[in-house]
Amino acid sequence: MSTDSLDMRIVDHPLVRSRLTRLRDEHTSSAGFRELLTQLTGMLIYEAMADQPVDDVVVRTPIGPCPGAVLAQTPLMVPVLRAGLGMLPAATAAVPEAQIGFVGIARDEHTALPREYLVSLPEDLSGWPVFVLDPMLATAGSMLHTLDVLAARGATDVTAVCVVAAPEGIAALTASPHAPRLVIGGLDDGLNEASFIVPGLGDAGDRLFGPR
Ligand code: PRP
């Protein structure tokens, strides 16, 4: 699925749907949640990287020369702490060429507004393909803040990779001057009065690491 105004891809695949079902299940343990998030991230990153440019190279097989490809640019993976950390091992396993930056944001539990507590990124992001990792896009406050931080460092090629998203968050990204490409595993119904995604998967950070 795509929208006219946002380059959005929902990865609609039986493996994504079945893993996401188990990820959502309140009976899934933290260990299970981490493993399922790893599996899902591998599939989402594979999709998110589909349009990356490559350079032509030639290798020699034991039989003879063979044309091949290498990624033309080094991607930057940016997990949004905490929950984005649960996506990082699969992202770097899929893209070992990648470098890694960090943005730490905690959503205020009363106002749902983002509070930044860490930025660790290259100073100049112009020319970098940047992949922001966060399991959940709810109001999009955290993602919009991250996009502002990236844009202030010159990033113009940004893909947000999220497991589940709410329509409210997608609308907010669409209206953003820094609208990214968006790759998601599931589009949910909406937000509840506490700005949690419904049906969602609960609080991904708490399910991965325990309550703060
Ligand atoms: C969650 C989630 C996103 C954000 C989504 O993080 O991982 O970062 O909320 O909500 P939003 O779209 O309304 O901003 P949280 O603030 O709970 O922090 P955590 O990952 O440290 O648990």
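**Reading the fold, the core and the ligand shell**

Modeller: The chain has 6 helices and 13 strands, where helices (H or I, at least four residues) and strands (E, at least two) are DSSP runs numbered from the N terminus. This is a predicted model: local features need pLDDT of at least 70, side-chain atom pairs count only at pLDDT 80 or more, and totals for chains, interfaces and linings use all residues. Residues are numbered from 1 along each chain as its sequence is written.

Biologist: Which residues have the most contacts inside the largest nonpolar core?

Modeller: In soluble globular proteins, nonpolar side chains tend to be buried together. A nonpolar core is a set of buried Ala, Val, Leu, Ile, Met, Phe, Trp, Tyr and Cys residues joined through C-beta atoms within 7 Å; a residue is buried if 20 or more other C-beta atoms, placed from the backbone, lie within 10 Å of its own. Here the largest core has 56 residues, and those with the most contacts inside it are V130, F131, V132, L133, M136, V161 and C162. Buried residues make up 37% of the 212 residues in the chain.

Biologist: What does V161 touch, leaving aside residues up to four places away in sequence?

Modeller: Contact requires C-beta atoms, placed from the backbone, within 7 Å. On that basis V161 touches L44, I45, A48, F131, V132, L133 and V183.

Biologist: Which residues come nearest to the ligand?

Modeller: A residue counts as near if its C-beta atom, placed from the backbone, lies within 6 Å. Of the 24 residues around the ligand, R82, R107, T139, S142 and G205 come nearest. Elements giving two or more residues to this shell are β4 (76–81), β6 (102–107), β9 (136–137), α4 (141–152) and α6 (204–209).

Definitions and conventions
A residue is buried if 20 or more other C-beta atoms lie within 10 Å of its own, exposed if 12 or fewer, and partly exposed in between; C-beta atoms are placed from the backbone. Two residues are in contact if their C-beta atoms, placed from the backbone, lie within 7 Å.
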